[in-house]
Amino acid sequence: METTYHIPVLLQESVDALVQNPSGTYVDLTFGGGGHAREILKRLSPDGKLIAFDRDEDALANSINDPRFTLVNHNFRYCHTFLTYLNCLPVDGILGDLGISSHQINVDERGFAHRLNGPLDMRMNRNGKLTAASILNEYTEKQLLTVFNKYGEIKNAFKLTKIILQRRNNAKIHSIEDFKISIEECTPKGESAKYLSQVFQALRIEVNQELVALEQILQDAETLIKTSGRLVIISYHSLEDRLVKNYLNTGNIEGKKQTDMYGWPIQSFEGKPHKAIIPSPQEIENNKRSRSAKLRIGIRK
Ligand SMILES: C[S@@+](CC[C@H](N)C(=O)[O-])C[C@H]1O[C@@H](n2cnc3c(N)ncnc32)[C@H](O)[C@@H]1O
């Protein structure tokens, strides 16, 4: 039974880095249970502003009744359009606490957790067309292989794909339990939790096009954030962290160092992007979900 929507990760560290101007305008890309948003509002003066995004309707129940606060029930990928419409560009800082919330992972019917039984859904936005089941039942062999290789870094992706293709020839795969039984023969004994986490991660990233949204934000960051403003991102796996680190280090997500005609690096953010901040042992003890978190901070030049 769920008792808390979500315990915020690296709360003080991220908000300390973000809020430098109490009367500024800030953006929380991933509102969730609103833990980070509440802390940001505490640091703002009456003329400060916070605009938050979440594509999951469930998050709306946590909205904050505060005249300085606006919650947008949309993909943060379209942040530039919404912030233009709200007439608040450029902003003083943007925070992203990527991935899914504890609420999403603890509700059976959302289908995010391999330890629960539910439908193979995994949509953050339940109006979206693509679900984990539609991927497993309808993607071609090549598409499935790409998803498992690219987003799960799964060693036996080929075997896994073959088994899924064979299995769905007989009957469609609908539930998590059904799926786990179907792929039992390629699930390494003694490491099933780790393996299933990788498989579920790959499906979840594809269902929600998570890296596409992150890439878009990184691409837009230099026009969204004003000089000396902050980009603060908390990520939970290496695929996300690599994009953020590359972008902050080199100005592009590929991580290619580029220079202008005078030999100066072309990049819009500075700071210590190569140095990620990680949770203290005590935070990890209190909140297991935080153990893979990495916080990176960029300062707009
Ligand atoms: C890790 S939780 C954020 C928790 C939040 N910081 C808190 O303190 O409660 C991530 C949230 O971001 C949302 N989310 C993830 N990707 C998104 C996207 N591209 N656009 C909008 N919301 C997104 C998820 O629905 C989820 O509620």
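Two residues are in contact here if their C-beta atoms, placed from the backbone, lie within 7 Å. Helices (H or I, at least four residues) and strands (E, at least two) are DSSP runs, numbered from the N terminus. The structure is a predicted model, in which local features need pLDDT of at least 70 and side-chain atom pairs count only at pLDDT 80 or more, whereas totals for chains, interfaces and linings use all residues. Residues are numbered from 1 along each chain as its sequence is written.

1. Surroundings of helix 10. The buried residues of helix 10 pack against helix 3 (79-85), strand 4 (91-97), helix 9 (192-208), strand 5 (225-235) and helix 11 (238-250). These buried residues are Glu210, Ala213, Leu214, Ile217, Leu218, Ala221 and Leu224. A residue is called buried if 20 or more other C-beta atoms lie within 10 Å of its own, exposed if 12 or fewer, and partly exposed in between, with C-beta atoms placed from the backbone.

2. Length and bend of helix 10. The expected span of a helix is 1.5 Å times one less than its number of residues. Helix 10 (residues 210-224) has 15 residues and should therefore span 21 Å; its end C-alpha atoms are 20 Å apart, in agreement with that value. At Leu218, helix 10 bends by about 30°, the bend at a residue being the angle between axes fitted to the seven residues ending there and the seven starting there.

3. Helix 10 and helix 11. The axes of these two helices come within 11 Å and cross at roughly 10°. Helix 10 is therefore roughly parallel to helix 11. Axes are lines fitted to C-alpha atoms, for helices over the stretch in contact, and angles run from 0 to 180 degrees between N-to-C directions. Angles under 35 degrees count as roughly parallel, over 145 as roughly antiparallel, 65 to 115 as roughly perpendicular and the rest as oblique. Helix 10 passes helix 11 in a right-handed crossing; a crossing is right-handed if the near helix is turned clockwise from the far one by less than a right angle, and left-handed if anticlockwise. Leu211, Leu214, Glu215 and Leu218 supply the helix 10 side of the contact, and Leu239, Glu240, Leu243 and Tyr247 the helix 11 side.

4. Helix 9. With 17 residues, helix 9 reaches 24 Å from its first C-alpha to its last, close to the 24 Å expected at 1.5 Å a residue. Its buried residues include Tyr195, Val199, Phe200 and Gln201. Helix 5 (132-138), helix 6 and helix 10 are among the elements that cover the buried residues of helix 9. Gln209 follows helix 9 and has a positive phi, near 50°.

5. Helix 6 and its two partners. Helix 6 (residues 141-152) packs on helix 7 (residues 157-170) at an angle of about 135°, with the axes 9 Å apart. Helix 6 is therefore oblique to helix 7, and the crossing is right-handed. Glu141, Leu144, Leu145, Phe148 and Asn149 of helix 6 meet Ala157, Phe158, Leu160, Thr161, Ile164 and Leu165 of helix 7. With helix 9, helix 6 packs at about 105°, the axes being 8 Å apart. This angle makes helix 6 roughly perpendicular to helix 9. The contact is formed by Val147, Phe148, Tyr151 and Gly152 of helix 6 with Gln198, Val199, Gln201, Ala202, Leu203, Ile205 and Glu206 of helix 9.

6. Backbone features to check. Most residues other than glycine have a negative phi, and most peptide bonds are trans. Leu89 and Pro90 are joined by a cis peptide bond, with omega about -10°; Pro90 lies in the loop between helix 3 and strand 4. Asn87 lies in the loop between helix 3 and strand 4, and its phi is positive, near 60°. Asn87 is exposed, because 6 other C-beta atoms lie within 10 Å. Ser228, in strand 5, has a positive phi of about 75° and counts as exposed, with 12 C-beta neighbours inside 10 Å.

7. His80. This residue lies in helix 3 and is partly exposed, with 17 other C-beta atoms within 10 Å. Leaving aside neighbours within four places in sequence, His80 is in contact with Asp220 and Leu224. His80 and Arg230 are 150 residues apart in sequence and 16 Å apart in space, C-alpha to C-alpha.
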